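Me: Please take a close look at a single part of this model and describe it in one connected answer, with the cut-offs behind each term.

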Amino acid sequence: MSERKPYKTDVSDEQWAQVEPVIAAWKAAHPSVSGHRGRYEMREIVNALLYQGRSGCQWDLLPHDFPPPGAVKYYFYTWRDDGTDQTIHDLLRWQVREQMGRKADPSLVVLDTQSVHAAAGVPAGSTGRDAAKKVPGRKRGLAVDVLGLVIAVVVAAASAHDNAVGIALLDKVAADTDTDAVEKALVDQGFKNAVVAHGQKVGIAVEVVERNPAQSGFVPQAKRWVVERAYGILMLSRRLVRDYEHRPRSSESRVYWAMTAVILRRLSGAAMPAWRTA
């Protein structure tokens, strides 16, 4: 890595050791036709992606001591399209779960959605208005395990019903985990019978956790609160405070990179930043 003053978002040597084998395997599988090994170090590409996710800056405002924005864009979009972003994230997630004495894939997941405003310039065709929350933009759906680790993410127009997002999440959970690993999913009352019925089709029992009518205001629900915490952690990544991406798949990739940064800190024992200084 070229000599420069480090940023707080840079991966440490220990953290890079967790990511580098996946990137090296990807590079080996995608050799240059000319035999050129590439001008930029892959560690610096990853550092630039983590910096942008945390700071929320535009492509053209990436600091000049990173590789050029065009190069960083190329790898972000390429890894988005071929799934390398999710591969890195999932391998790290499995390590965290195994360190905690758990199986690689969970038996229980928690589903929820979050509507966020879309930035100016985001194509109107991929956005909508959440009628319940009065939010124009996009809707993120997460499936997390009991540790708050992301198992699946889906991004759609905010006008999409929670049922549609929930069904897509269940399909992703079933496709991205070992067969019959996930047995149960907890959802709130925003999800309806269609999600419960679809869960039966993919072998996941969906339980709607009903709110106690005697409670008022925000009250964390047992087990379901972990998904609320996951959304809170994601808000530390300023690129996710709004949806700035032209494609929903890019928005999903931003979630994977944000959670990759979180997991790398967990694996290396690095301190989590306080929200006041995030």
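Reply: A polar contact is a pair of N or O atoms within 3.5 Å; within protein, one must be able to donate a hydrogen and the other to accept it, and residues adjacent in sequence count only if both atoms are side-chain atoms. The model is predicted, so local features need pLDDT of at least 70 and side-chain atom pairs count only at pLDDT 80 or more, whereas totals for chains, interfaces and linings use all residues. Residues are numbered from 1 along each chain as its sequence is written, and side-chain values use heavy atoms, with hydrogens and water left out.

The part in question is Thr-177, which lies in the loop between helix H5 (162–176) and strand E5 (184–187); helices (H or I, at least four residues) and strands (E, at least two) are DSSP runs, numbered from the N terminus. From Thr-177, the side chain reaches the backbone oxygen of Val-173 at 2.6 Å. Contact means heavy atoms within 4.5 Å, and, leaving aside residues up to four places away in sequence, Thr-177 touches Asp-105, Ile-151 and Val-182. With a relative accessible area of 9%, Thr-177 is buried, where buried means under 20% relative accessible area, exposed over 50%, and partly exposed in between (1.4 Å probe, protein chains only).

Not counting residues up to four places away in sequence, Ser-251 touches Arg-138, Val-155, Asp-243 and Glu-245.
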